[in-house]
Structure formats: C-alpha cells, structure tokens
Amino acid sequence: MYDIIIVGAGPAGLTAAIYAKRFNKSVLILEETTYGGQIINTLEIENYPGYKNISGFDLMTNMYEHAIELGSNIKIEKVEKITKEKDIFTVKTNNNEYKSLSIIISTGAKSRKLGLPNEEKLIGSGISYCAICDGNFYKNKDVAVIGGGNTALDDATHLADICNKVYLIHRRDTFKGESYLLDSIKNKSNIEIITNTNVIELIEEDNKLKEIIIEKENTKSNILVSGVFVAIGQIPSSDIEITLEKDKQEYYISNDCKTNIEGLFVSGDVRSKKYRQLTTAVSDGTIASLGAIEYIDKIKCDKVTE
Ligand code: NAP
C-alpha cells in the first residue's frame with residue numbers, strides 16, 4: 001500500500017513526487033512510456049525560471065533524478081482502471097494491481113491528428129507533430145505547417161530558418177495564436193500564409209510524403225512538400241476507466257486540482273484549465289501533492305482517533 005500513486009511522469013507528476021517525498025510519503029509513479037512528458041522533445045526552453053536556456057531532455061532528466069533520488073518508485077505500466085472502496089484506491093494496470101490512500105493523475109495530453117488516410121503511415125516519413133524535434137530532417141526543403149494557434153506560428157517561424165519554403169495553412173481567416181508571433185511570421189519572406197483552407201489529402205510516393213491536396217472554397221489544388229508539421233492542438237490523455245468529471249474536450253475538471261472523488265487529484269495538461277505551460281504544470285503538481293498530503297494526514301489522524 002502506497003500513500004500516493006502518481007499516474008504520469010511529466011513535469012506535473014514528477015513535481016508532485018518531489019513534494020510528496022519531502023513530506024516522507026511513500027510514492028509510486030506509474031508511467032506508460034518514459035519519463036519527461038511532451039516537453040522532453042523540446043530542444044530549447046527559455047521560459048522556465050532559473051534557466052535562461054535548457055533543453056527539454058536535460059530539464060526533465062534533472063526532475064526525474066530529483067524525484068527518484070528522494071525515494072520515489074517508478075514502474076513502466078499503463079494504468080487502465082482506478083476504483084475506490086472506503087478510503088482505499090485500487091489501481092489496475094496492464095500488468096498489476098496497486099493500492100494507495102491517494103491518487104494524482106498527471107497523464108498530460110497528446111498531439112491531435114488530422115485523421116486523414118496515410119497520416120499514421122507517413123509519421124516519420126513526411127508527417128511530424130514536433131517541428132523542434134524533426135525540423136532539421138527537412139533542411140532546405142519545402143514544408144507545410146497546419147494550424148492557427150501559437151504552436152503553428154512558433155513552428156512556422158522555427159522552420160523558416162531551416163527550410164527553403166514554409167506554407168502556413170489555416171482553416172480560418174484569422175489566427176488564434178498571439179499577434180506578436182503572427183508579426184514575426186509576416187517578417188519572414190519564405191513563409192506563405194494560406195487561410196480558409198483545409199488539407200484534405202496526403203499523397204505519398206515510395207512510402208514518403210510527396211504532396212498535399214488542399215481545398216479552398218470548394219476549389220482543390222496541390223502543393224509539393226517533403227514535410228507536413230501538424231500543429232492543430234492537443235487531446236488529453238484521459239482514457240483511464242474512472243468516474244471523474246470531464247469538460248467538453250475530455251479534460252478532467254477540478255478545483256485547486258481536487259476532483260469529484262475525494263483523495264483523487266489531477267495536475268498538468270490533462271486538467272481542464274486555460275493555460276497549459278511547463279510552469280503551470282509544475283504549479284499543478286505542487287498544489288495536487290500538497291492537497292494529497294493534507295488529505296492522507298487527515299484520514300490517518302481520523303483512524304487513530306477512532
Ligand atoms: P490551439 O491553441 O488549440 O490551436 C489549435 C489550432 O489548430 C487552432 O487554430 C484550430 O483552428 C486548429 N485546428 C484544430 N483542429 C483542426 C483540424 N482538425 N484541422 C485543421 N485545423 C485544426 O493549440 P496550440 O497552438 O497547440 O496551443 C496549445 C496551448 O499551448 C495554447 O494555450 C497556447 O497558447 C500554448 N502555446 C504557447 C506558446 C507560446 O507561448 N509561445 C507556444 C505554443 C503553445 P480553429 O482556430 O479553427 O479552432
């Protein structure tokens with residue numbers, strides 16, 4: 001029996017573990033793949049206080065080692081179901097079953113896909129969801145970025161410095177991303193902005209992306225590109241079987257990271273909230289952990305006085 005089981009080893013989960021261990025709680029982290037979350041793929045982070053510039057890999061490795069050196073256990077298993085009976089949570093994974101007094105879900109979010117035929121097949125051969133990770137594979141080539149948020153604008157700016165030409169394709173005529181980012185796009189001569197347009201087909205040749213078919217006001221045309229960077233937002237990793245309240249986009253609803261199930265907390269990008277940043281994930285991890293610690297101390301104290 002653990003005091004706290006943390007699901008997910010990204011910035012929120014690892015921060016929660018660090019706080020819990022410093023309060024001498026027993027901690028098990030269950031992670032489906034590897035530590036670090038999405039940010040581990042970011043080449044340069046320049047907005048994490050205390051580091052003027054650090055790679056996602058270095059920052060997340062530091063956080064991971066910090067959590068492990070304080071005595072957190074970690075297992076690579078996928079959590080499938082969580083139930084609660086009296087004060088005890090049971091966590092069922094693909095391999096095992098674990099029990100705890102409290103749970104923190106920090107499973108993050110994943111890139112949304114276009115849902116086009118060929119998309120899955122061409123991942124790594126023309127389709128990417130991370131311009132920072134994969135941009136260099138398309139040096140001096142023509143590429144497209146799809147999306148209208150901050151990620152798409154950031155990606156287009158980054159790729160313009162590496163690639164020959166960047167088509168920024170957005171389905172509306174106005175961008176959701178911030179105006180200062182749009183201004184920097186407009187200053188790049190090799191970015192062509194294409195609005196009110198949908199990408200409707202990904203054409204391959206010899207198992208590599210060759211061109212895309214776009215549609216604008218019922219007129220179809222093609223663009224030859226070697227790479228497409230899909231930047232159309234995130235979907236939460238909130239598929240655990242559990243009776244938690246979710247918002248319309250399937251993010252877990254919480255109040256100060258507390259959920260509708262007492263003793264179960266959510267933190268990081270999987271939580272319904274406005275701003276999803278590294279710093280807000282870390283903040284959530286802290287709040288969820290302190291909430292869990294307070295909850296555990298209370299139920300242990302209640303048991304002693306019974
Ligand atoms: P986002 O803000 O949700 O934007 C997603 C964009 O993709 C929207 O423009 C949306 O179009 C479009 N889209 C969604 N589904 C689509 C589909 N099926 N086909 C075509 N287009 C589609 O996502 P994001 O840009 O990844 O940003 C996520 C969060 O991270 C935001 O809070 C953002 O501010 C933050 N972020 C910040 C920075 C920064 O501060 N520099 C950098 C990156 C991300 P509609 O406009 O039509 O809905």
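The shell around the ligand is made up of two nonpolar, seven polar and five charged residues. In this classification Ala, Val, Leu, Ile, Met, Phe, Trp, Tyr, Cys and Pro are nonpolar, Asp, Glu, Lys and Arg are charged, and the others, Gly among them, are polar. The model is predicted: local features need pLDDT of at least 70, side-chain atom pairs count only at pLDDT 80 or more, and totals for chains, interfaces and linings use all residues. Residues are numbered from 1 along each chain as its sequence is written, and side-chain values use heavy atoms, with hydrogens and water left out.

Of the 14 residues around the ligand, those that come nearest are Asn150, Thr151, Asp154, Arg171 and Arg172; a residue is near if one of its heavy atoms lies within 4 Å. Polar side-chain atoms lie at 2.9 Å from a ligand oxygen for Arg171, at 2.2 Å for Arg172 and at 3.2 Å for Lys176. On its own the ligand has 920 Å² of accessible area, of which the protein covers 73% (Shrake-Rupley method, 1.4 Å probe; for residues, only the protein chains shown count as cover).

Helix α6 spans residues 278-305 and includes Leu290; helices are DSSP runs (H or I, at least four residues), numbered from the N terminus. Thr286 also lies in helix α6. Thr286 counts as buried because its relative accessibility is 16%, whereas Leu290, at 35%, is partly exposed (buried is under 20%, exposed over 50%, partly exposed in between, with a 1.4 Å probe and protein chains only). The side chain of Thr286 reaches the backbone oxygen of Val282 at 2.9 Å.

Technical notes:
Helices (H or I, at least four residues) and strands (E, at least two) are DSSP runs, numbered from the N terminus. A polar contact is a pair of N or O atoms within 3.5 Å; within protein, one must be able to donate a hydrogen and the other to accept it, and residues adjacent in sequence count only if both atoms are side-chain atoms.
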